[in-house]
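Here are my notes on this one, as promised. Have a look at the model first, then go through the points below.

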Amino acid sequence: MTALKARGVRRTFEADLAPVRALRGVDLGVAKGEFVALMGPSGCGKSTLLNIFAGLDQADEGDVIVDDLRVDGQDENWLAKFRRHHVGIVFQFFNLLEGVSTLDNIVLPAILGGLRRKAAETRARDLLDLLGLGDRTDQVPAVLSGGQRQRLAIARALVNEPAVLLADEPTGALDSEGGVEILELFRRLHGDGQTILMVTHSADVAAGASRIVQMRDGRIVDGDGTAPSATADAQSRPG
């Protein structure tokens, strides 16, 4: 089964001097349960592709399918619901709620996802224990180390049990020790069956994935862009 599929995806951004062709007909498939690293130099289009899978940006052309759902061409209300229930997103610079506790950084998106407060707290505490932050529930993110902040961001991304975890340079703001810690966590999540697509420019980080796909100039140039067990695209919508 295919968790992520892009087919003929193109994206152009308007700029002052000339249009920037970020994606130039990308085809990529990621199987359910796979851990794929998307590599390439800055400006090659890898983060743009990740944002399109996340519903944070829209392709100009092409098909985008995530967890058997067509993402391309949807409106913002649909995409907001889709993000709450189907994808978890981990950013380079954490994007945490700085003024609330570690616990509530996870509880709030769980409530938005439909859980009642008590169930959301139970799920949040379980994730904090799993990620080694069980003794930090009342602390605010500012007092955590970089690695701890990224683990908190990952816990938040996982709280609604997404089909796919999308990570954009998740070790980019960390020192080497923190980076190793996060990569080990991703390997553990992958071992438990989590589908992961991770953008990185680091060969050392990418080596932790089960498959590496290289991008350059808006195209996939190395690595098989096809998921190992791709299936026909579904056309359903979230209920």
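Throughout, buried means under 20% relative accessible area, exposed means over 50%, and partly exposed is in between (1.4 Å probe, protein chains only). This is a predicted model, where local features need pLDDT of at least 70, side-chain atom pairs count only at pLDDT 80 or more, and totals for chains, interfaces and linings use all residues. Residues are numbered from 1 along each chain as its sequence is written, and side-chain values use heavy atoms, with hydrogens and water left out.

1. Salt bridges first. Taking a side-chain nitrogen of Lys or Arg within 4 Å of a carboxyl oxygen of Asp or Glu, the count comes to 15. One of them joins D60 and R11 at 3.4 Å, N to O. D60 sits in the loop between α1 (46-54) and β4 (61-66), R11 is in strand β1 (residues 2-13), and 49 residues separate the two. (Helices, H or I with at least four residues, and strands, E with at least two, are DSSP runs numbered from the N terminus.) D60 is partly exposed at 44%, while R11 is buried at 15%.

2. Helix α4 (residues 117-130) holds both E121 and R117, 4 residues apart, or about one turn of the helix. Their side chains meet in a salt bridge at 2.8 Å, N to O. E121 is partly exposed at 23% relative accessibility, and R117 is partly exposed too, at 36%.

3. E181 and R151 pair up with their closest N and O atoms 3.0 Å apart. R151 counts as buried at 14%, but E181 is partly exposed at 30%.

4. Do look at R156 in helix α5 (residues 146-158).

5. T200, in strand β8 (residues 195-200), is buried at 1%. A polar atom of the T200 side chain lies 3.0 Å from the backbone nitrogen of S202.

Definitions and conventions: Polar contact = N/O pair within 3.5 Å; in protein donor to acceptor, adjacent residues only side chain to side chain.
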